[in-house]
Amino acid sequence: MNKAISKRLTFAVAILSLLIFIILWQVIAQQGLLVKNFPGSFKTIGSLIWWVSDPFFDNGPNDLGIGTNLLISLRRVLIGYSLAVLVAIPLGVLMGMSKLAQSSLNPYVQLLKPVSPLAWLPVGLFVFRNSEITGIFVIFITSIWPTLINTAFGVASINPDYLRVSKSLGASKSITIRRVILPAIMPNILAGMRISMGTAWLVIVAAEMLLGTGIGYFIWNEWNNLSLENIFVAIIIIGFTGFILDQFFGFLQDKFDYSI
Amino acid sequence: MNKKSTKISSSNKNYSHLELVNLGKIFFKEKKFLDFRSKGIKGGFEAIKDINLKIEKNKFVSIIGPSGCGKSTLLNLIAGLQAPTSGNIIIEGKAIKGPGPDRGVIFQNYALMPWLTTIQNIEFALNTVFPAKTKADVKERARKYLSMVGLEKASNKFPKELSGGMKQRVAIARALSINPNMLLMDEPFGALDALTRSYLQDELLSIWRKNKVTVVLITHSIEEALLLSDKIVLMSSGPSAIISEEISVDLERPRDRQKIEQDPNYLKIKLRLEKHLLRETRAVEEVT
């Protein structure tokens, strides 16, 4: 089949399926088939348009525009995430290169990695006495593991030919790290960063329900207002933002894909 | 042995470039990364033992043996990439302590950095070995060696855009760019098709003639060894592989790959090599 036609067809199918979904949702909600007062798709879309048409208003912490809340969440994620990446990459390289670093750090990594980062929330509140810093701290803890483990694994499983070339030329450790190891493990680092970002974006919503402000708090607040359609609006916005973030890393991964 | 090596360091023109003295290598298995369950095995695997060999300057020497006999280990030791468990590697009268730019290494899988273009791969070698050289100097020298292997037009291509033969030519250019006096090649043409292989063999011969270098070539191809070498070193099957024989190849150069096959001397050596390899391979296959 022609590529352009096939692309158009895929698009048409997606639109059609969306229309069917919206109609089914509306019918089910209107007939009260699920529960009473469940918001229909028309109401939700109406809310979505209302929120999106004026996203950045600020009437105090319990009445912020959805864009404002989104930016607050994004800011927390980006700060916590960037700090985590700045720690995880050097630490991962160290763990991948040095047996000593690996055996001394690995027990902590293995023990802490399976813990939900939300468990750190009370610890953060106790130590920092500040919900903003606690949010960033939780995101930091969330983001560090996938990037750290992927980086360390990348270094440990680097194609030995590259290291042999570097060694045979008598390259110093610093040159080998900067000019051979780091570029060679870029795909691993980016894969780790992508998972870190995905998890951070999942966790921020839950964390913010307990912290005040941000898109997670918005959901909690709308639950207190019993406004389910606004929660759906938030879900759509969160999903869309997460998708964009993920696509960004997908784009970077393609750029650094060395495979033949 | 020791007496001889002291004599060698005099100003004799044909002194040993490389001398291996009682060389042995035992591998000890290491634990894998992040793996709690695998246990390192006790004892080790002895790849090669009691290797004694002398290679004269500017000679072309092939090392041939059944697969898994430790040929590559031997080359890695000479390159200084691994440390021997016992014995010494002496280059121009001095025991080596590690790798050095006096030896250019060429690997079977080309070992080009996929994130660098062809010319950047060569520049990486030059920048590492000659940190004092200016950018323009490095670029010019990299270009010179790329054109030596006929790839000046591919200088801005990435390795994945090149054929296997082209990649290996870049690797040869990279190894020669640092101006080594010894070229160590680990089955460099093993992954190439027959036509490309013959082309690169001829290329290598002409490069060897023009640049004064000693070549140590690991191969499993009898024909390749015969076509290229002054001397062929036969290794026994591993583990604990030893050198079973050294054969001088006194065929006239330049050698023509068609004519050489009718040379009775060629056929004699070939038969001898085939017998040896068959015997050693049988030893490997029937043990396992």
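Colleague: Where does P254(B) lie in chain B?

Modeller: P254(B) belongs to the loop that runs between β10 (243-248) and α8 (264-287) of chain B. The model is a predicted one.

Colleague: What is the omega value of the peptide bond from R253(B) to P254(B), and what is the bond called?

Modeller: Omega is near -10 degrees, and the peptide bond from R253(B) to P254(B) is cis.

Colleague: Why is N58(B) called partly exposed?

Modeller: N58(B) has 18 other C-beta atoms within 10 Å. Burial requires 20 or more, and exposure 12 or fewer. The count for N58(B) falls in between, and N58(B) is therefore partly exposed.

Colleague: Chain A also has a residue with positive phi, L226(A). Why is L226(A) called exposed?

Modeller: L226(A) has 9 other C-beta atoms within 10 Å. A residue with 12 or fewer is exposed, so L226(A) qualifies. Its phi is about 50 degrees although L226(A) is not a glycine, and its place is the loop between α9 (215-224) and α10 (228-255) of chain A.

Colleague: How do you know that P160(A) counts as exposed?

Modeller: P160(A), a residue of helix α7 of chain A, has 12 C-beta neighbours inside 10 Å. The class of exposed residues takes 12 or fewer, so P160(A) is included. The C-alpha atom of P160(A) is separated by 11 Å from that of A184(A), 24 residues apart along the chain.

Colleague: What does α7(A) give to the side of chain A that touches chain B?

Modeller: α7(A) gives the most to that side, with 6 residues. The contact as a whole takes 18 residues from chain A and 20 residues from chain B. The elements of chain A that give two or more residues are α6 (131-156), α7 (160-168) and α8 (173-211). By class, the side of chain A has 11 nonpolar, 3 polar and 4 charged residues.

Colleague: Within chain A, how is the packing of α3(A) and α8(A) described?

Modeller: The axes of α3(A), residues 66-97, and α8(A) come within 9 Å and cross at roughly 145 degrees. The crossing is right-handed. Among the residues that make the contact are R76(A), Y81(A) and V85(A) of α3(A), together with I181(A), M193(A) and W201(A) of α8(A). By class, the contact has 14 nonpolar, 3 polar and 2 charged residues.

Colleague: In chain B, how do you know that the span of α4(B) agrees with expectation?

Modeller: Helix α4(B), residues 135-148, has 14 residues, which at 1.5 Å a residue should span 20 Å. Its end C-alpha atoms are 20 Å apart, so the two values agree. After the helix comes G150(B), with a positive phi near 75 degrees.

Colleague: Which residues of α4(B) are buried, and why are they placed on the same side?

Modeller: The buried residues are V138(B), A142(B), Y145(B) and L146(B). They cover an arc of only 105 degrees around the axis, and therefore lie on the same side of α4(B). What covers them includes α3 (118-129) and α5 of chain B. The face turned away carries the exposed residues A136(B), D137(B) and E140(B).

Colleague: What is the corresponding picture for α6(B)?

Modeller: Helix α6(B), residues 194-210, has 17 residues and reaches 25 Å from its first C-alpha to its last, close to the 24 Å expected. Its buried residues are R197(B), L200(B), Q201(B) and L204(B). Their arc is only 110 degrees around the axis, which puts them on the same side of α6(B). They pack against α5 (164-177) and α7 (222-228) of chain B, while L195(B), S206(B) and K210(B) are exposed on the other side.

Colleague: What percentage of chain B counts as buried?

Modeller: Of its 288 residues, 40% count as buried. Chain B has 8 helices and 10 strands. Among its contacts between residues at least 6 apart in sequence, 72% join residues at least 24 apart.

Terms used
Residues are numbered from 1 along each chain as its sequence is written. Chains are lettered from A and ligands numbered from 1 in the order in which they are written. This is a predicted model: local features need pLDDT of at least 70, side-chain atom pairs count only at pLDDT 80 or more; totals for chains, interfaces and linings use all residues. Two residues are in contact if their C-beta atoms, placed from the backbone, lie within 7 Å. Helices (H or I, at least four residues) and strands (E, at least two) are DSSP runs, numbered from the N terminus. Ala, Val, Leu, Ile, Met, Phe, Trp, Tyr, Cys and Pro count as nonpolar, Asp, Glu, Lys and Arg as charged, and the others, Gly among them, as polar. The expected span of a helix is 1.5 Å times one less than its number of residues. The arc is that of the directions from the helix axis to the C-beta atoms. Axes are lines fitted to C-alpha atoms, for helices over the stretch in contact, and angles run from 0 to 180 degrees between N-to-C directions. A crossing is left-handed if the near helix is turned anticlockwise from the far one by less than a right angle, and right-handed if clockwise.
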